[in-house]
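Please open the structure in your viewer and keep the selection tool at hand.

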Amino acid sequence: MATGLELRVPADVERVVDRLIDAGYDAYVVGGSVRDALRGVDPHDWDVTTNAKPDEIQSVFKRSLYNNRFGTVAVRSGDHEVEVTTYRVETEYTDHRRPDAVAFGASLEEDLARRDFTMNAMAFRPARGGKPAELIDPFGGRSDLDARLLRAVGDPDERFREDALRMLRAVRFAALLDLRIDPPTAAAIRRNAALTETLSGERIQQEMVKMLGAERPSAALRMLSELGILAVICPELEECRQTPQDKAAAQDVFEHSLATVDATPRGDLVLRLAGLFHDIGKPDTFADGHFHQHEFVGEQKARRILRRWKLDRETVQEVAHLIRHHMFWYQTDWTGSAVRRFIRKVGLETIPALFALRRADNVGSGARSPRMYALDALWRRVREEIDAANAFSLRDLAIDGNDLMRELAIPQGPEVGRILNALFERVLDDPGLNERETLLALARELR
Ligand code: ATP
Ligand code: MG
């Protein structure tokens, strides 16, 4: 293909291609980086493919790093890290999730043919020494991209049977890049969706996290459900389609969950997961029509889902904690002590996220009356308590266990904890007591 390409490659990346060509090899920018560059978006990583073998690549780039597992050589060039990979062919897949072996391919065409979607199966060589820039696009990726069409390379059934992750990638790309999935490709996903069962939690997590990073994750989630993938990777959420959100509304729990995720801040994975799963306990607690204790059932279910997807412990913990507490309520006649006890129960550091979740939950409930009118009123009162620097946990007390043991001459043991807790209860009622001498005097009485 001739010049006139609206495709810009950073000089750092061009230099990597040039040096390989100077050394007598073929080399092209390839894959997602070509797709993104054509879309006018800066790719977050640049890939180069070449007929040079890994040891040959390494002898061209002396300080490169060879990653044996991925067969990739990482080359540092200026501000860019470029992943250089030898042409490959796909070998047999027996488990629908990874090739039995990575084999080097003879040609660029073979390398492009093993890639997943037409828009990801293009290669680009920048202009060089009078030769114009060249786009190698054997599967029509550029015109698909222009037509906003996501299409599998080759026979879609075969490609999804080789690697079931491609079905999640299809949804992720379609949702994030706003593409339509070509009907034969979509039909093949429906036929093969059950194969996503074999995917590792880590790979599912990677795709889900990317989908949740969309401006509005609902598009991807709805697509996952409609294509039959959600029922396999997250039956707990799929099941919510059968559960009405409440007696009055036409909305089901699934649609409510999606509307809630969309209303959480982009870039906050914990809040997005909490928004998605906050009502996941509802199908189990529907019997009484009140979803009694669904927040506790939901917390447990969310933990299981997130562990299955191998999310880190801290994320799982934070999401579970938010779900557990998301049903908090407030009445305007609460005393200061009640507000402080609420802060203690939820934990000071969780308060902002918990309110953000409830706000999203309210937005997700639609035009109907917000579940809690007084949310802003409670928020103001919580802020007042926090600004007054009151004590919300044992750590905030003016004395600690060591002070007690020394001043009261008592040994280490449960007695110390009992007195500290009793003091803390008194301080929650009356923050004015939180002074060293006052607390020590009280402690003597409490012995
Ligand atoms: P992004 O980096 O934005 O997530 P990407 O398309 O660059 O998207 P990568 O995982 O970086 O995705 O992969 C780079 C390229 O490798 C892809 O563009 C595609 O050509 C190929 N590729 C990646 N994963 C697969 C797969 N599971 N099956 C076939 N080809 C794949
Ligand atoms: Mg990439």
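**First stop: the ligand**

Helix α7 supplies four residues to the shell around ligand 1, the largest share. Helices here, as runs of H or I of at least four residues, are taken from DSSP and numbered from the N terminus. The model is predicted, so to speak of local features requires pLDDT of at least 70 and side-chain atom pairs count only at pLDDT 80 or more, whereas totals for chains, interfaces and linings use all residues. Residues are numbered from 1 along each chain as its sequence is written, chains are lettered from A and ligands numbered from 1 in the order in which they are written, and side-chain values use heavy atoms, with hydrogens and water left out.

Select ligand 1 together with its surroundings: 16 residues surround it, each with a heavy atom within 4 Å. The closest are G32, R35, N120, R166 and R172. Which classes of residue make up the shell around ligand 1? There are 11 charged residues, four polar and one nonpolar. In this scheme Asp, Glu, Lys and Arg are charged; Ala, Val, Leu, Ile, Met, Phe, Trp, Tyr, Cys and Pro are nonpolar; the others, Gly among them, are polar.

Next, select the side chain of R115, where an N or O atom lies 3.0 Å from an oxygen atom of ligand 1. At H44, a polar side-chain atom is 3.4 Å from an oxygen atom of the ligand. The elements giving two or more residues to the shell are α2 (32–38) and α7 (165–176).

**Second stop: helix α17**

Select residues 313–325, which form helix α17. Its buried residues (under 20% relative accessible area, 1.4 Å probe, protein chains only) are T315, V316, V319, A320, L322, I323 and H325. Display also α14 (269–277), α16 (294–308), α18 (336–346) and α19 (351–364), which are among what covers them.

Finally, select E385 in helix α20 (residues 375–387). Is E385 buried or exposed? E385 is buried, with a relative accessible area of 11%. Its side chain makes polar contacts (N or O atoms within 3.5 Å, one able to donate a hydrogen and the other to accept it) with the side chain of R340 at 3.1 Å and with that of N390 at 2.7 Å.

Key: The expected span of a helix is 1.5 Å times one less than its number of residues. Buried means under 20% relative accessible area, exposed over 50%, partly exposed in between (1.4 Å probe, protein chains only). Contact means heavy atoms within 4.5 Å.
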